[in-house]
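Q: I would like to learn how to read a protein model. Could we go through it one feature at a time?

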Amino acid sequence: MAEVESSAGFPSSLTSATLPPPRTRIFKIIVIGDSGVGKTCLTYRFCAGKFPEKTEATIGVDFRERLIDIDGEKIKIQLWDTAGQERFRKSMVQHYYRNVHAVVFVYDVTSATSFRSLPAWIEECKQHSLGTEVPRILVGNKCDLRESVQVSTDVAQQFADSHSMPLFETSAKSPSSQGGGGSCSSSDHVEAIFMTVTHKLKSQKPLMLSQPSGTVAGGVTIHLDRGRDGARGWACSSC
Ligand SMILES: Nc1nc2c(ncn2[C@@H]2O[C@H](COP(=O)(O)OP(=O)(O)OP(=O)(O)O)[C@@H](O)[C@H]2O)c(=O)[nH]1
């Protein structure tokens with residue numbers, strides 16, 4: 001089901017005669033959860049490589065993408081950053097639930113309320129035909145705010161297990177979530193989280209659609225391995 005695009009840049013004699021055009025798979029990943037849990041910051045962090053200086057409540061949906069290279073294959077990741085506030089969601093919901101390849105549920109580890117909302121988000125996905133057959137992960141964000149944590153890892157892990165999702169705890173803000181050390185040393189890297197989803201998708205049967213290439217920069221090569229904690233599911237060993 002991933003989408004595929006053709007790419008230019010080959011000598012025309014080769015492109016037209018001997019070589020099939022290189023193709024880039026496109027994966028659409030939606031990021032959902034309560035308002036303020038950090039969906040915009042997480043997607044920005046992955047696509048722009050930094051924590052945004054300022055964010056405002058998302059209206060409808062924001063769209064970010066990044067081109068990566070996994071084992072020599074170019075893959076475009078489209079992150080759909082959805083509005084958490086009901087009043088900003090209504091008109092867009094039908095659009096962003098179409099042709100989704102994976103779902104990232106986000107809660108804020110310092111907000112028990114955002115954690116308690118997760119069943120409703122899962123239910124909304126189900127109502128749009130996004131059940132367990134679609135790769136889904138659970139992300140607890142803001143783990144740099146250690147003093148304010150309201151949702152323990154154990155409780156979150158139980159919830160994740162009961163819904164057959166891997167759990168990641170991270171911080172879109174902490175430098176350590178890019179591997180540079182800091183106050184959030186036990187967290188998963190934002191990079192690794194999205195890479196893990198991508199790798200999972202890459203190993204699945206592709207789906208497809210065409211798009212012009214070369215519109216997005218940036219790239220990394222990763223190799224996946226077992227996670228630090230097997231119960232967490234997939235993890236990225238080199239991120
Ligand atoms: N300390 C800390 N603050 C964060 C982190 N991620 C996001 N924030 C802050 O949380 C607030 C909300 O972040 P957003 O990314 O806009 O939240 P959102 O989930 O996209 O919100 P909506 O667009 O309303 O759905 C902002 O003030 C961010 O700076 C994090 O990892 N740590």
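Q: Is helix α7 largely enclosed by the rest of the structure or exposed, and why?
A: This is a predicted model. Eleven of the 13 residues of α7 are buried, so the helix is largely enclosed by the rest of the structure.

Q: Which residues of α7 are buried?
A: They are V190, E191, A192, I193, F194, M195, T196, V197, T198, L201 and K202. The list includes E191 and K202, so a residue is placed by its relative accessible area.

Q: How many helices and strands are in the chain, and what percentage of the residues count as buried?
A: The chain has seven helices and nine strands. Of its 239 residues, 50% count as buried. As for contacts between residues at least 6 apart in sequence, 71% of them join residues at least 24 apart.

Q: How many residues of strand β2 are buried, and with which strands does β2 pair in the parallel sense?
A: Strand β2 pairs with β4 in the parallel sense over seven bridges. Four bridges join β2 to β5, and these two also run parallel. V31 shows both pairings: it stands opposite D81 in β4 and opposite V104 in β5.

Q: In which sense do β3 and β4 pair, and how many residues lie between them?
A: Strand β3 (residues 61-70) and strand β4 (residues 73-82) pair in the antiparallel sense over ten bridges. V61 stands opposite T82 in β4. The two strands form a hairpin with two residues between them. D71, in the turn, has a positive phi of about 50°. Seven of the ten residues of β3 are buried, so β3 too is largely enclosed by the rest of the structure.

Q: What covers the buried residues of α2?
A: Start with the burial count. Helix α2 (residues 39-48) is mostly covered, with seven of its ten residues buried. Those residues are K39, T40, C41, L42, T43, R45 and F46. Their cover includes β2, β3, β4, β5, β6 and α7. After α2 comes G49, whose phi is positive, near 80°.

Q: Which residues of the largest nonpolar core touch the most other members?
A: In soluble globular proteins, nonpolar side chains tend to be buried together. Here the largest nonpolar core has 27 residues, and V103, F105, Y107 and L138 touch the most other members. At least two residues each are supplied by β2, α3, β5, α5 and α6. The largest share, four residues, comes from α5. Leaving aside neighbours within four places in sequence, the contacts of L138 include F105, Y107, L118, A156 and F159. A second, separate core of 25 residues includes V190, F194, M195 and L201.

Q: Which residues come nearest to the ligand?
A: Of the 22 residues around the ligand, S35, K39, T58, G84 and D144 come nearest. For K39, an N or O atom of the side chain is 2.7 Å from an oxygen atom of the ligand.

Q: Where does S171 lie, and which side chain does its own side chain join in a polar contact?
A: S171 lies in the loop between β7 and α7. At 0% relative accessibility, S171 counts as buried. A polar contact of 2.9 Å joins its side chain to that of D144. The side chain of S171 also reaches the backbone nitrogen of K173 at 3.0 Å.

Q: Is S117 buried or exposed?
A: S117, in the loop between α4 and α5, is buried, with a relative accessible area of 17%. Its side chain and that of D34 are joined by a polar contact of 2.8 Å.

Conventions. Residues are numbered from 1 along each chain as its sequence is written. This is a predicted model: local features need pLDDT of at least 70, side-chain atom pairs count only at pLDDT 80 or more; totals for chains, interfaces and linings use all residues. Side-chain values use heavy atoms; hydrogens and water are left out. Buried means under 20% relative accessible area, exposed over 50%, partly exposed in between (1.4 Å probe, protein chains only). Two strands pair if DSSP finds at least two bridges between them. A nonpolar core is a set of buried Ala, Val, Leu, Ile, Met, Phe, Trp, Tyr and Cys residues joined through side-chain atoms within 4.5 Å. Contact means heavy atoms within 4.5 Å. A residue is near a molecule or strand if one of its heavy atoms lies within 4 Å of it. A polar contact is a pair of N or O atoms within 3.5 Å; within protein, one must be able to donate a hydrogen and the other to accept it, and residues adjacent in sequence count only if both atoms are side-chain atoms.
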